[in-house]
Amino acid sequence: MTQNSKVLAHLQTGRSLSPLKALGLYGCFRLAARIGELRAAGHPIETVIKADGTGRNYAQYQLAV
């Protein structure tokens with residue numbers, strides 16, 4: 001199973017995915033690149049910017065409803 005298929009399957013369950021979570025679950029170092037490929041393939045994925053509480057922001061991805 002490819003990283004793209006793992007990421008897509010995760011999102012299709014209704015859960016969101018952050019870069020840190022993707023690294024831990026799927027060994028995916030470049031989640032934004034995988035999301036870009038999935039979007040290019042026609043999957044409606046949206047980005048939500050979150051704050052981690054220390055002044056840093058990160059992206060969280062989910063399928064658009």
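R34 is placed in helix α3, where helices (H or I, at least four residues) and strands (E, at least two) are DSSP runs numbered from the N terminus. The model is predicted, so that local features need pLDDT of at least 70 and side-chain atom pairs count only at pLDDT 80 or more, while totals for chains, interfaces and linings use all residues. Residues are numbered from 1 along each chain as its sequence is written, and side-chain values use heavy atoms, with hydrogens and water left out.

The relative accessibility of R34 is 15%, and the residue therefore counts as buried; buried means under 20% relative accessible area, exposed over 50%, and partly exposed in between (1.4 Å probe, protein chains only). When neighbours within four places in sequence are left aside, R34 is in contact with Q3, N4 and C28, contact meaning heavy atoms within 4.5 Å.

The secondary structure of the protein consists of 3 helices and 2 strands, which follow the pattern α-α-α-β-β along the sequence. The radius of gyration is 11 Å, close to the 11 Å that the globule rule gives for 65 residues, so the protein is as compact as a globular protein of that length. This radius is taken over C-alpha atoms, and the globule rule is 2.2 Å times the number of residues to the power 0.38. Along its principal axes, the C-alpha trace spans about 35 × 25 × 20 Å. Of the 65 residues, 28% count as buried. Among contacts with a separation of 6 or more, 36% are accounted for by residues 24 or more positions apart. The protein exposes about 4,200 Å², of which carbon and sulfur atoms supply 55%; accessible areas come from the Shrake-Rupley method with a 1.4 Å probe, and for residues only the protein chains shown count as cover.

Two packed helices are described by the angle between their axes and the distance between the axes. Helix α1 (residues 3-12) packs against helix α3 (residues 31-40) at an angle of about 80 degrees, with the axes 10 Å apart. That angle makes α1 roughly perpendicular to α3. Axes are lines fitted to C-alpha atoms, for helices over the stretch in contact, and angles run from 0 to 180 degrees between N-to-C directions; angles under 35 degrees count as roughly parallel, over 145 as roughly antiparallel, 65 to 115 as roughly perpendicular and the rest as oblique. On the α1 side, Q3, N4, V7, L8 and L11 meet L31, R34, I35, E37 and L38 of α3. The residues of this contact divide into 6 nonpolar, 2 polar and 2 charged.

The buried residues in α3 are L31, A33, R34, I35 and L38. Their cover includes α1, α2 (19-26), β1 (45-51) and β2. E37, in helix α3, counts as partly exposed at 38% relative accessibility, and its C-alpha atom lies 22 Å from that of K50, 13 residues apart in sequence. R39, likewise found in helix α3, is partly exposed with a relative accessible area of 36%. Not counting residues up to four places away in sequence, R39 touches I45, E46, T47 and Y61. The C-alpha atoms of R39 and R56, 17 residues apart along the chain, are separated by 25 Å. Just after α3, G42 takes a positive phi of about 100 degrees.

S18 touches L31, Y58, A59 and Q60, residues up to four places away in sequence not being counted. N57, by contrast, is found in strand β2 (residues 57-63) and counts as exposed at 56% relative accessibility. With neighbours within four places in sequence left aside, N57 is in contact with I49, K50 and A51.

Notes: Ala, Val, Leu, Ile, Met, Phe, Trp, Tyr, Cys and Pro count as nonpolar, Asp, Glu, Lys and Arg as charged, and the others, Gly among them, as polar.
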